[in-house]
Amino acid sequence: MQKKLKLWDATMLVMGSMIGSGIFIVSSDMMRNLGSGYWLIAVWIITGIMTIAAAISYGELSSIFPKAGGQYTYITEIFGKMPGFLYGWGLFTVIQTGTIAAVAMAFGKFTAYLIPALNNSAPIFQSGSFRITWVQILAIVVIIFLTFVNTKGLKNGKILQDVFTSSKILALLGIIIFGFLLIKDAQWAQNMSFGWNGFQNFGREVGNDLIPTEWKPIGGVTLLGGIAAALVGSIFSSVAWENVTFMSGEIEDPKKNVVKSMVFGTVIVMILYLLVNFVYLNALDRDGIAFADKNRPAVAASEVIFGSLGTVIMAILVMISTFGCINGLVLAGARVYQSMAKDGLFFKSAIENNEHNVPGKSLWMQGIWASVLALSGQYGDLLDMISFVIVLFYMITVFGVIYLRIKKPNLERPYKTWLYPITPIIYLIIGTAFCILLIWFKPQYTWPGFILILLGLPVYFFINRKKVN
C-alpha cells in the first residue's frame, strides 16, 4: 500500500471520525438521567479518561503491528482468528455500517431544517410502520457519493477529511467562544447549584414533544443506573477514534504516527466535548438541556446565543460535522474487510485494490450494506444494542497490551504505553464497571448485542468448514 497519509491527515481522521452528530444530541438524555451540571460534567470527564487511556494503550499495539486492519489485526494476532472474525463481523454488520447509516440520517435530518420540504413531504413508500422518506434517500445518496469519492483514490478521501474536519473544529471553537461572550442571562450558577445531588425526569409525551414533569431526587443504586445510562450517550459520541488504526498500512511511519494521531486527536476532541457541554450549561437551564426540542440541545443553545439565526448556523455546522464523519468512517472501514478477506474470513473479491490502489469492492460492500440499514430504519436500535459490545471489544484489545507484556516480554515495542500498567488498568476498571452497570440496570442495551455477535459463530464455522475437515 502507498504511504499517502501524514501525521496531520491521520489526526484529522481520528478527530473527524469521532465528531459526528452525538455531541449535538446526547446531552439531553444524559441530563434527564442525572439532573445536575456536576454529574453531566463528571460523566464527560470519565468518558474522556476512558477514551484517552484506550488510545494510549492502543498505541503500543499499533507500533507492534503497523499494518492495515488495526483493531481486527491486534485481536487476531493476540487472541486468534475466531475473536478477530467476531470483531470484524460486528464491525461490518452494525458497528461501522450502522454508525455510517445513523450519521448519514443525522445529516439528512439537519438538512431538513434548511429545506423543510424534506420533512413535510409524504413518505415515498409506506407499509404499516415501515416507510421510506426523502430524508432516508438523502442519507443514502450521501453514503453512495462518499463511497464513490473514496473509490477514486486515497487522495480524494484525504482532502475531504482534512477540509471538513478543520471546518467543524473551527465552527465548534466559534460556538464555544460565543457561548460565553454573547450570553446575557447565564444559567451556569443555577445548573451547578444542585451539586452532587442526582435527579431524574423522563418527562411525558405530548404529541411528538417531550414535556418535563417533576424532577425526582435519586441516589445510591438508582444514581449508578443513571450514570450507566448517561455513559451510553457520551461513550457512543466518543468512539471511532480507532478508525485510524484500520489505515495503518497507508500512513507514513505508522509505528510513530498512528499513536501520535490517536493521542493528539482524542485529547483535543474530549476537551472540545467538555467545552461544548459548558456552553449548554451556560446557555440553557436544566429543563432547556433535558427537554430541548427533538433532543437537540445544540440547536437550543445556538438559538440563545445567535437568536433566530442560531437554528440555521447549527444546522450547517451539524451538516459539515456529519459529512466529514461519514467520510472518515467510509474511508477507514473498508480496509478492515480487505484484511479479513486476505485471512480468508470475508468475500475474496474484497482483497483486490482497484486501479486507484484502494479496496474498491470492499468500499462498495460497506456502502451498500450501510444504505440498507439506513433504508430499514433499524440502525438506531441496532446501535443502542451494540454500544455495550463496542466497549467489550475495546477492553479485549486493551487487555491485549497486558497479555503481550506477560507472554512476549522481549517483543520489539517501538512505543510503550505511557504509565503502564496504570493506563490500561484504568480503562479496564472503568469499562468493567460500565458493562456491569449496564447488565444490571439496562439489559436491553446488552443481550441483543451479544446475540448479534454470537450469530457470527456459525458464519465463522461455515467459512472454515473445509479447513476443519
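**Close-up views of side-chain contacts**

**View 1. A network of salt bridges links Glu60, Arg405 and Arg413.** The structure shown here and in the following views is a predicted model. Glutamate 60 and arginine 413 are both buried.

**View 2. Aspartate 293 and lysine 294 form a salt bridge.** The closest N and O atoms of this pair are 3.8 Å apart. Aspartate 293 is partly exposed, with a relative accessible area of 43%, and lysine 294 counts as exposed at 56% relative accessibility. The count of salt bridges in the model comes to eight.

**View 3. Lysine 361 and glutamate 352 form a salt bridge.** Here the closest N and O atoms are 3.4 Å apart. Lysine 361 is partly exposed, with a relative accessible area of 42%; glutamate 352, at 42% relative accessibility, also counts as partly exposed.

**View 4. Phenylalanine 164 and phenylalanine 323 form an aromatic pair.** The count of aromatic pairs in the model comes to 30. In this pair the ring centres are 4.7 Å apart and the planes stand at 40°, so the arrangement is tilted. Phenylalanine 164 lies in helix α8 (residues 154–181) and phenylalanine 323 in helix α15 (residues 310–342), so the contact ties together parts that are 159 residues apart in sequence. Phenylalanine 164 is partly exposed, with a relative accessible area of 21%, whereas phenylalanine 323 is buried, with a value of 12%.

**View 5. Tryptophan 241 and tyrosine 394 form a stacked pair.** Their ring centres are 5.3 Å apart and their planes are at 25°, so the pair is classed as stacked. Tryptophan 241 is found in the loop between α10 (220–237) and α11 (243–246), and tyrosine 394 in helix α17 (residues 379–407); the pair links distant parts of the chain, 153 residues apart. Tryptophan 241 counts as buried at 1% relative accessibility, and tyrosine 394 is buried with a relative accessible area of 4%. Both residues belong to one aromatic cluster, formed by Tyr58, Phe65, Tyr74, Trp241, Tyr394 and Tyr427.

**View 6. Arginine 286 lies over the faces of phenylalanine 199 and tryptophan 215.** The distance to the ring centre is 4.8 Å for phenylalanine 199 and 4.2 Å for tryptophan 215.

Definitions and conventions: Residues numbered from 1 in each chain as written. Predicted model: local features only at pLDDT ≥ 70, side-chain atom pairs only at ≥ 80, totals over all residues. Heavy atoms only, no water. Phe/Tyr/Trp six-rings, centres within 6.5 Å; stacked < 30°, edge-to-face > 60°. Helix = DSSP H or I, 4+ residues; strand = E, 2+ residues; numbered from the N terminus. Buried < 20%, exposed > 50% of the residue type's maximum accessible area, 1.4 Å probe, protein only. Lys NZ or Arg CZ within 6 Å of the ring centre and 35° of its normal. Salt bridge = Lys/Arg side-chain N within 4 Å of Asp/Glu carboxyl O.
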